[in-house]
Amino acid sequence: LDHKILISTVSVKMAAQTSTPSPFKILLELYQQDHAKPLRVEGLFEIELKLQIAVLDPQQCGTKQRRSDIVRRLNCIKELDENVAKRIRFKCILAEYHTHFSLVNTANSKQIALWNTEDCILSIVCFCIQNESVFADKKLRATWDFLQYLKEYFFECNIDGSTLIARYLDEQTSLGLSVVKAVCKHFGVMSGKYAHVKKHLLEWWKTIRVRYTQLQKENAPSPPTIAPAHDDTDGVHNSSHRWYWLCDDDGNIRWIPYQQEDQRVIIQAWNERTETCVIVMNKYRIDFSRECTEIPCGQQYNCQLTCPSQREVVFGQPDSKGWLNGIFCESMSK
């Protein structure tokens, strides 16, 4: 097995060094891995690089008419013009390419953590195609040389969405450099001429990371909704749930309930999913901590101080002895 991997690695290295870099080559290899008879079209990979990039914009392959237009733009390829079977199969690959792009590119279609190797490669390739203008002309060849290496590396090392998230979610700035180094080391090539790719891989990952974190937030359990406040007239400190702030002014730590009017303001702000609320005639600000989905809580600040210290804020009901989270609760507001 190791011998076969070595032969494959050497073959890829020699092929990349001797052949013209081609987006079409990556595309056909991506969608014909298990096909008994891969599609071969003479001269397709030798088409001018910018033309290949232009016709492979995935958003321009979505209809039969557009795919026919692509074939017409490639009129220099006689086999596509004269061989009906190859032309039909080429259009089918373009259709599969567009469908795959739509699945991967739509935020709610397929979660990034579930991406397979093909999904990752397609996303990177399409990012480079759609952002072709940021590459200097003299670096286009090097870019697509590297993407050919990248495709083989991802397959040989089983890189998928969960792998990328585990390695780079919290260290996003290292992805570009790490991937370029790993790919070049794997195939024994110098990384110097591919240095510019680091920046573009990082830009790609930033968009993916934002999409992933946003989806995580949307799928996170919603914080509990609090019932509207009501007047307490019985004076019993454990008669209902309330918002409390932590007081330690005299060294005696205890929870102090907010005034009834402030209770209503805080509950309304919490239920409306706002980040903060202001109470006591704009004197105090509460920043809610919505990461905690079980217990509504936050921090209180004095808006009149330049560098105010924070006080913990919590919503809850004291136990029968008047304790909440291990701290005694006062019955009266202060």
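A residue is called buried when its relative accessible area is under 20%, exposed when that area is over 50%, and partly exposed in between (1.4 Å probe, protein chains only). The model described here is predicted, so that local features need pLDDT of at least 70 and side-chain atom pairs count only at pLDDT 80 or more, while totals for chains, interfaces and linings use all residues. Residues are numbered from 1 along each chain as its sequence is written, and side-chain values use heavy atoms, with hydrogens and water left out.

Helices (H or I, at least four residues) and strands (E, at least two) are DSSP runs, numbered from the N terminus.

Two strands pair if DSSP finds at least two bridges between them. Strand β4 (residues 284-288) pairs with β5 in the antiparallel sense over 5 bridges, and Arg285 stands opposite Tyr301 of β5. Strand β6 (residues 311-316) also runs antiparallel to β5, joined to β5 by 4 bridges; here Gln300 has Arg311 as its bridge partner.

Helix α2 (residues 23-31) is likewise mostly covered, with 8 of its 9 residues buried. Among them are Phe24, Ile26, Leu27 and Tyr31. The buried residues of α2 pack against α3 (49-55), α6 (84-105), α7 (117-130) and α8 (137-156), where contact means heavy atoms within 4.5 Å.
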